[in-house]
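Visitor: Could you walk me through this one, feature by feature? I'd like to know how each is read before we look at the case in hand.

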Amino acid sequence: MAGQVFAYIVHKEGVADDTAFEMVAAAKRIDPDAAITAIVAGTGIDLNVVCNEIASSYQEVWKIDNEALSYPDAEVIRTLLVRILPEGGLIIIPHDTFGMDLAPGLSIKLDAAYLPDAVDIDGVDDNRLKAVRQEYSGQVSTHVVCDISGGAVITVQPGAFKAEKTKWPGGQVVDKTAQALEVGFPATGRRFIEVIEAEVGDVDITKSEILVSVGRGIEDEDNLEIVYDLARAMGGDVACSRPVVDAKWLEKSRQVGTSGKTVKPKVYMALGISGSFQHQGGIKGAPFMVAINKNPKAPIFQAADVGVVADILDFVPELTNKINGSRSRLET
Amino acid sequence: MEILVCIKTAPDTSENEININRDGTDIERDDLVYSVNEWDNYAVEEAIRIRDRVGGSVTVVTVGDEEAEEVVRREMAMGADKGVLLSDEVFNSSDGRGIASIIKAEIQKGKYDLILTGAQADDGAGQVGGMLAAMLNRPYASLVTCLEVIDDKKIKVGREIEGGNLEMIEINLPCVLSIQTGINEPRYVGIRGIRRTASVEIPVYGAEDLGLSSESVGESGSKVKRLDYFVPDPGEGAEMLEGSADEIIEKLIELLKAREGIK
C-alpha cells in the first residue's frame with residue numbers, strides 16, 4: 001500500500017499537457033485504489049481552466065496561484081512543493097525538460113528516493129516500488145526496485161503510459177496558495193529572461209497525423225523537394241532526423257527524436273532514415289510505420305510495419321506520382 | 001573562474017552494440033570500448049572554452065576504477081588542468097544520490113564557481129547534477145546548450161526545452177549546470193595529447209579521505225536498485241514489400257489508404 005500519490009501537472013496556455021492524464025495511469029500502476037492529487041501551479045484564468053480540465057481525472061486538485069508563476073521556474077516550484085507535500089508522499093512528474101530541472105533536486109530536498117524516467121510501473125510490495133526503466137538510449141531495459149518508505153519522486157517518460165481520462169468522483173479544487181506562500185515567494189539564484197522559439201516553427205509536427213520524415217538518405221538539400229511533394233500528396237507534414245538538422249537543411253522544430261520533438265502520428269514514413277534509438281525515441285503511439293531505405297540492414301526495418309528496400313531519390317517521386325494519379329482518377 | 005566538471009566512463013555506443021549477458025545480470029562488457037560519456041565531453045569542452053576566455057582552471061572529477069582514470073587523462077589531454085579520481089570499493093553499486101554524495105564531499109574540499117555535468121549518461125537518468133545543486137544549495141539549470149559569462153557573479157545560459165526552443169535564464173555563481181550535446185564541437189584529442197598526460201599523477205581519494213561513511217554510499221546507501229537487464233520484445237520487423245517498383249507502389253498505396261495515411 002503506497003502513501004498519498006501526487007502528480008505535478010505541466011500546462012501551457014490554459015491546456016494541460018498529455019502527461020497530466022498519463023500520470024493518472026502511472027499512479028494506478030502504483031496502486032489501483034490510490035487517491036491521486038494533482039498539483040497545478042500558475043496564475044489567473046489559464047490556471048483555473050487547467051484545474052477544471054483535470055478535475056474529473058483526479059480526486060483532488062491543489063492549485064497554487066501567483067502572478068510570478070505564469071512561467072514556471074523549477075527552482076521556485078521545487079521550494080513550493082517542499083512546503084506543501086506531506087512527509088512520505090509519492091510525487092509523479094513528467095520526465096520532460098521541466099521535470100529534469102525540477103525532480104532530482106526535489107528528491108534531495110524531500111529526502112526521498114528518486115526514480116527517474118520510468119516507462120512502466122508494476123505495483124508496490126512492502127514499500128518496494130517495482131518499475132521498468134530504459135538504458136543506453138532504449139537499447140536495453142531494466143527492472144528496478146525503489147525503496148519508497150521515505151517517500152519518492154518518480155518521473156515518467158512522456159508517452160510511456162496510456163492516458164486515462166476516466167471520470168473520478170471528487171475532483172475538488174483546493175487552493176493551496178496561502179500555505180505555499182505563507183513564508184513568502186521563494187528567492188532563487190536564477191531569473192527567467194525569455195524563450196527563444198526554434199526558428200520557423202511553422203508546423204507543429206507533434207500534432208501531425210501523417211509525417212513524412214527524411215534522414216541522411218536525402219543526400220542533398222535540393223532533393224528535399226521530393227519529400228515535400230510526397231507530404232503534399234499524402235496530406236501530411238515533413239519531419240526529419242538529426243543529421244538533416246545538423247546539416248541545417250531543415251529547422252530544428254521538424255526534428256523527431258529524443259533531442260527534438262516527440263511525435264504521435266497515425267502514419268510515419270521514414271525515408272532514408274537508418275533509425276537510431278535516439279530517433280525512434282521520438283516516435284510514440286505506435287504509428288503505422290513505413291521505412292524506405294537502400295540499406296536492407298538499416299535498424300529502422302525492425303521498428304517499421306512495412307519496409308521497402310529502395311533509393312528514396314528514385315522511389316519517392318514515383319510514389320508521389322501514383323498517389324496523385326489515383327487521387328485525380330477518384331475525383332473525376 | 002574555477003570550474004569543476006563531473007565525468008563518467010561509459011561504453012561508446014557509436015562503436016558498440018549493447019547486448020545483455022546470458023543470465024540478464026549485466027550487459028555484455030567483454031568487448032565494449034569505453035570512453036568518456038558523450039554529454040560529459042561537451043561539458044569539459046565548454047569548461048575549457050570558458051577558462052580560455054576568462055581565466056581560471058578546469059578540474060575533472062569522476063567516481064570509478066582504473067578504467068575511469070584513463071578517461072580522466074583523456075579529458076586532461078583535451079585541456080583540463082587537473083584530474084581527481086574518487087575510488088573505493090564501498091562506492092560500488094551507488095545509486096544517483098550516492099554518486100552525488102561522493103562528488104559533493106570532494107567539491108566541499110575546494111572552491112568552485114561553476115560545476116558542470118553532462119545532461120545524462122548511459123543510464124539515461126540525468127540526476128547527479130540536480131542532486132548536487134540541491135545538496136550544495138546552489139542554483140541549477142539543466143540541458144544547457146549555450147552559455148555566456150556576464151561577470152564573476154552571474155552567467156547567462158540557454159536551456160534546450162521542448163521542440164528545440166531555448167529558455168534563456170540568468171543564473172548566479174556559484175551554480176551547477178547540466179550540459180546538453182550540441183553546445184559546442186568538442187575538440188579532437190590526438191595521440192600526442194594522450195601521451196603528454198599519460199604519466200601525470202592523478203590523486204585518488206576513497207571514502208575515508210572524503211569523510212564518508214560506508215552506509216551512506218554504495219549498495220547499502222541506495223534506495224534504487226537495478227534487478228536485471230532485459231530486451232523488450234523487438235517484434236517481428238517490417239513486412240518487406242517485394243516485386244517490381246510498380247507492384248510495390250501499388251501495394252504500399254493500398255496499405256497507406258487502409259491506415260488513413262493518404263488524406
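**Domains and overall build**

Guide: Chain A is divided by its domain assignment into domain 1 (5-181) and domain 2 (205-331); such bounds come from an automatic or database domain assignment. Before going on: this is a predicted model, where local features need pLDDT of at least 70, side-chain atom pairs count only at pLDDT 80 or more, and totals for chains, interfaces and linings use all residues. Residues are numbered from 1 along each chain as its sequence is written, while chains are lettered from A and ligands numbered from 1 in the order in which they are written.

Visitor: What separates the centres of domain 1 and domain 2 of chain A, taken over C-alpha atoms?

Guide: The separation is 34 Å. Along the principal axes, the C-alpha atoms of chain A fill a box of roughly 65 × 40 × 40 Å.

Visitor: How many helices and strands does the secondary structure of chain A come to?

Guide: Helices (H or I, at least four residues) and strands (E, at least two) are DSSP runs, numbered from the N terminus. Chain A has 10 helices and 18 strands.

Visitor: And how do I read burial and contacts?

Guide: A residue is buried if 20 or more other C-beta atoms lie within 10 Å of its own, exposed if 12 or fewer, and partly exposed in between, with C-beta atoms placed from the backbone. In chain A, 51% of the 332 residues count as buried. Two residues are in contact if their C-beta atoms, placed from the backbone, lie within 7 Å. Of the contacts in chain A with a separation of 6 or more, 66% are between residues 24 or more positions apart.

**Where the chains meet**

Visitor: How many residues of chain A are in contact with chain B?

Guide: 65 residues of chain A are in contact with 65 residues of chain B. Strand 10 of chain A gives the largest share of chain A's side, 8 residues. That side divides into 30 nonpolar, 18 polar and 17 charged residues. Here Ala, Val, Leu, Ile, Met, Phe, Trp, Tyr, Cys and Pro count as nonpolar, Asp, Glu, Lys and Arg as charged, and the others, Gly among them, as polar.

Visitor: Which strands of chain A and chain B pair up in the antiparallel sense?

Guide: Two strands pair if DSSP finds at least two bridges between them. Strand 10 (residues 140-147) of chain A and strand 12 of chain B run antiparallel and are joined by 6 bridges; C146(A) stands opposite V224(B) there. A parallel case is strand 18 (residues 306-309) of chain A with strand 13 (residues 239-240) of chain B, over 2 bridges, where V306(A) has E239(B) as its bridge partner.

**Sheets**

Visitor: What is the strand order in the open sheet of 4 strands?

Guide: The order is 8(A)-9(A)-10(A)-12(B), with antiparallel pairing. Strand 8 (120-125) of chain A and strand 12 (224-230) of chain B stand at the edges with a single partner strand each, so one side of each lacks a neighbour in the sheet.

Visitor: And the open sheet of 10 strands?

Guide: Pairing there is mixed, in the order 13(A)-9(B)-8(B)-7(B)-10(B)-6(B)-1(B)-4(B)-5(B)-11(B). Its edges are strand 13 (190-196) of chain A and strand 11 (204-205) of chain B. Inside chain B, strand 4 (residues 57-63) and strand 5 (residues 82-86) pair in the parallel sense over 5 bridges, with V63(B) opposite L86(B).

**A helix and two residues**

Visitor: How does the span of helix 3 of chain B compare with what it should be?

Guide: The expected span of a helix is 1.5 Å times one less than its number of residues. For the 12 residues of helix 3 (residues 96-107) of chain B that should be 16 Å, and the end C-alpha atoms are 16 Å apart, which agrees. In helix 3 of chain B 11 of the 12 residues are buried, so this helix is largely enclosed by the rest of the structure; among them are R97(B), K104(B) and E106(B).

Visitor: Is M269(A) buried or exposed?

Guide: M269(A) is buried, with 32 other C-beta atoms within 10 Å. M269(A) is in strand 16 (residues 267-271) of chain A and, not counting residues up to four places away in sequence, touches L211(A), V212(A), S213(A) and V290(A).

Visitor: Where is I183(B) placed?

Guide: I183(B) is in the loop between strand 10 (175-179) and helix 5 (191-197) of chain B. I183(B) counts as buried, with 23 C-beta neighbours inside 10 Å. The C-alpha atoms of I183(B) and C146(B) are separated by 5.6 Å, though the two are 37 residues apart along the chain.
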